[in-house]
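Thanks, everyone. I have one structure to walk through today. Please have a look at it on the screen first.

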Amino acid sequence: PKGQCTNPYGWTKSMLEQNKIRKAELNQKILANKTQYSSAEEEMKREEELLKAAKKELDSAYVAKKELLRNADIKRQDILSLQKEQQEKQKNYHIIDSKLETVKNMAERYEGYSQSIRRVMEQKKQEPGVLGVVADIIRVKEKYITAVETALGGNIQNIVTEDEHVAKRMIQYLKKNRLGRATFLPLTTVTPKKEKPFRDEILEEDGVLGNVASKVDCDEKYKLIIEYLLGRFLLVDTIDHAMQISKKYQYRVRIVTLEGEYLSPGGSIAGGAFKNTGNLLGRKREIDDLTKRLEELKKTIASCKERSEEIRTAQELAMQDMEKVRTDLQEQYLQQNTARMNIEQ
């Protein structure tokens, strides 16, 4: 009809309504897709962060594993080194222990002493008043041993007794069994001379080291015996100084040197090398030195064992740490792979 609005596309009202509905549905889907896309994007970012963290943790675990392996190798080397040291010390210990046993046996059997001395010393258990030979009762620093032995001479084998009655019984024993002679030094009778063996000014001379008796250490009860045996001897460093002093004091002084020369009153000089290096005082000193070395070796061996045990304990703890690192690595591998799969998805 004239004046009526027409639809150039031929759409009906019904079709327009349907299109509106379809458009609304599509708009909803677009919004839903945008929301889902945004959610997926956020999820992917989270997974990327997780992947990044997993990689970081994995790298840390690798570093930790490498460090643990390096430390384990160091500990293995330390244990091998300690075992080698312990074996060497143990070997030295057996060598020194064997040598000490030999020297002790020699000392106990009084090897190097005369038969009469050995037989008297065998009676010590039955006769407690026999205290020992002179070499038994004194202690001498190594640097003075040669000089002291020179000054003592044969007196080093003299037997010290509690009193003269013990000495008398031992002399009767030697006589009865025809075992030879021995000299006894009873504590109750031996007395050094009261007068000074040399003038005080001689102690100020070049090379003089003092009275030989002053270089010997012993228990208080033996002091008079040591003074009796050694108080008359002057100790000088070298033979040249000894000769100068002897001449200056008219050859009246008994002088011994550190190397064992002996200048006696009257002008005679004795010296040379000792044929027997296993001297009696040296033997006693050797026993002390060997005993000390054994004690040091014992401590060293014990220290090696203790340090080895500490390292083994540390190794056990390290193995536990290693197991934890392995577990961590597996977990990080899993987390990394899971994150990658999620990202790909």
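Let me start with helix α5, residues 164-176. It lies across β1, β3 and β4 and runs at about 160° to β4. Some terms, quickly. Helices (H or I, at least four residues) and strands (E, at least two) are DSSP runs, numbered from the N terminus. Contact means heavy atoms within 4.5 Å. Axes are lines fitted to C-alpha atoms, for helices over the stretch in contact, and angles run from 0 to 180 degrees between N-to-C directions.

A word on the source. This is a predicted model: local features need pLDDT of at least 70, side-chain atom pairs count only at pLDDT 80 or more, and totals for chains, interfaces and linings use all residues. Residues are numbered from 1 along each chain as its sequence is written, and side-chain values use heavy atoms, with hydrogens and water left out.

Now the sheet under discussion. It is open, with three strands in the order β1-β3-β4 and mixed pairing. Its edge strands are β1 (130-133) and β4 (184-186), each pairing on one side only. On average, neighbouring strands here are turned by 25° against each other, direction ignored. Two strands pair if DSSP finds at least two bridges between them. β1 pairs with β3, residues 159-161, in the antiparallel sense, over three bridges. Within that pair, Val130 has Thr161 in β3 as its bridge partner.

Is Arg178 buried or exposed? Arg178 counts as exposed because its relative accessibility is 77%. The cut-offs: buried is under 20% relative accessible area, exposed over 50%, partly exposed in between (1.4 Å probe, protein chains only).

Tyr251 also has a positive phi, about 55°, and is not a glycine. It sits in the loop between α7 (239-248) and β8. With a relative accessible area of 38%, Tyr251 is partly exposed.

On to β8, residues 254-257, which includes Thr257. Thr257 has a relative accessible area of 0%, so it is buried. Its side chain makes a polar contact of 2.3 Å with the side chain of Glu261. A polar contact is a pair of N or O atoms within 3.5 Å; within protein, one must be able to donate a hydrogen and the other to accept it, and residues adjacent in sequence count only if both atoms are side-chain atoms. Beyond four places in sequence, the contacts of Thr257 include Ala147, Leu235 and Ala242.

Now the cores. A nonpolar core is a set of buried Ala, Val, Leu, Ile, Met, Phe, Trp, Tyr and Cys residues joined through side-chain atoms within 4.5 Å. Which residues touch the most other members of the largest one? Ile138, Val148 and Leu230 do, out of 45 residues. Apart from it lies another core, of 11 residues, among them Leu234, Ala242, Ile245 and Ile255.

Leu203 is in the loop between β4 and β5 (208-211). It counts as partly exposed, at 38% relative accessibility. Leaving aside neighbours within four places in sequence, Leu203 is in contact with Phe198, Val208, Gly210 and Leu234.

Last, helix α1, residues 13-108. Its 96 residues, at 1.5 Å a residue, should span 142 Å. That expected span is 1.5 Å times one less than the number of residues. The end C-alpha atoms of α1 are 137 Å apart, which agrees. Questions, please.
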